[in-house]
Amino acid sequence: MYLIGIDLGTTGVKAVVFTEDGQAAAIGYEAYRQEAVKGKRELRAEALWESCGRVLAAAMGKCPPQEEGALCVSSFGEGFVCLDEKGREISPVMLLTDDRGQAEFDRMLLGLDAGQIARVTGLKPHHSYSLSKILYLKEHHPEIYKDTRHILLMGDYLYHKLGGEYVTDHSMASRTMLYDVHRKRWDPGLLAAAGVKEELFSRPVQGGTVVGQVLPEMARRLSLPRKTLLVMGGHDQPVAAVASRGKKVYTMCSMGTSECITPILKEPLAEEQILSWGHPNEPFMEAGVYNTLAYNVTSGLLSEWAAKVFAARECQEGRPAYQILEQEMPQAPTKIMVLPYLHGSGTPYLDADARLSLLGMDETARRGDIYRAILEGLCMDQRLNIEKLGRDRLERAGLLVTGGASRSRAWLQIKADVLDLPIHRLECAQAGALGCAILCAAAAGIYPSIKEAAGAMVQVGETVEPRREESCFYQEKYAVYQTLYETCRKVNAYAAGNL
């Protein structure tokens, strides 16, 4: 049986075909264009679906035919598309970092209890979630909202296109800020406050369960096995974290366009923790279990930006610019301070005005020094998240890292030194798709549980240990870094046009 994982990101989509022992038999990938102007970041759902179809067909075209398969979707959160009564896409997909809806969201919050919202939804009230974008459409595009019959999160959208169902999982539903993560239902109080009908949303089910089968016509069109089960996946980070729950238990850290640490919680976070630092209670892929998220929304983007700005000539020549910069990095830690936010922060600040700030440079600074300082700043940001969250919520074995940036040995060494934790690299670079394959394997009965499927299908590669001298240096640097956000806050609000 082929185990097929679709990893739907904000910059592109991957389809990976796995064998039952966790080996990647074929991979398809396609990037799509994101429209990004000041305050507006969106995708077209139709273009996303077309890309998805092409990468699925391309991946399956590399594999010998099989009669049976199982397919699962891992997707970015918050974004949604509205469908009319004929199933046509009538709205753009507004992304997490899209600023539209702030004013409408703030008005809705008047008179509501932030603590109650945190207790029910597991989220700190914030305009980055789907709710604010729905409110924006209601007020500024009433003609679209009037014709809307379904509001589909992007995972829901793919399941609908593939199998005709309207289903979501608890982790994806939780990213709307309209979902009760404990009772596992759309919350009637928040729906009433927003003036939104429950029937617009998909039916929530537990991740890792079979929800149908790929339609025969769609299976033929995409070269999928004739009998392909649809297995519910979920939000990309907890789906990827499934790979960390095997024979040895780690805390997953995805290092891609954004960077996210995904601790699995022994018990849900307290309301005060959610409100103070924005770390959510999110339903995990196992019933009754929660995870949280500690993330920087522009991690990989910041590294790419630095490569393009400081190594533009190498980029034009087609050389891997980041490798050039890594070769020029000093071996020793730097004292240059970097606040690592290109267009807003993730946790623990959830500040849309936060911007990139570089401090402490003199005339001796070279591009290699600045690049190392940027990587240090990104690692400092995650140390800040860990300290606010509590180190006891991380597994003793350390972090299991995946994603494009995890291929950088230099970055991993800085991470190990800054966090003072062992860092283990996942052999499979496609953690989201691998998590999907693990869910498929358990749902199809190939393995008796998710844990046993992960134990059989996951391979862990190199381990990078922290170095004592460098960790001591970064302990001192971190003490200063903690003051950096407040130091730069007024300047960055001015730069963002909000002062």
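## Strand pairing around strand 6

Two strands pair if DSSP finds at least two bridges between them. Strands (E, at least two residues) and helices (H or I, at least four) are DSSP runs, numbered from the N terminus. This is a predicted model: local features need pLDDT of at least 70, side-chain atom pairs count only at pLDDT 80 or more, and totals for chains, interfaces and linings use all residues. Residues are numbered from 1 along each chain as its sequence is written, and side-chain values use heavy atoms, with hydrogens and water left out.

Strand 1 (residues 2-8) pairs with strand 6 in the parallel sense, over seven bridges. Here Gly 5 stands opposite Cys 72 of strand 6. Strand 6 also pairs with strand 15 (residues 227-235), again parallel and over seven bridges. In strand 15, Val 231 is the bridge partner of Cys 72.

## Burial of strand 6

Seven of the eight residues of strand 6 (residues 68-75) are buried, so the strand is largely enclosed by the rest of the structure. Buried means under 20% relative accessible area (1.4 Å probe, protein chains only).

## Helix 15 against helix 16

Helix 15 (residues 367-389) packs on helix 16 (residues 409-419) at an angle of about 40°, with the axes 9 Å apart. Axes are lines fitted to C-alpha atoms over the stretch in contact, and angles run from 0 to 180 degrees between N-to-C directions.

Methods:
Buried means under 20% relative accessible area, exposed over 50%, partly exposed in between (1.4 Å probe, protein chains only).
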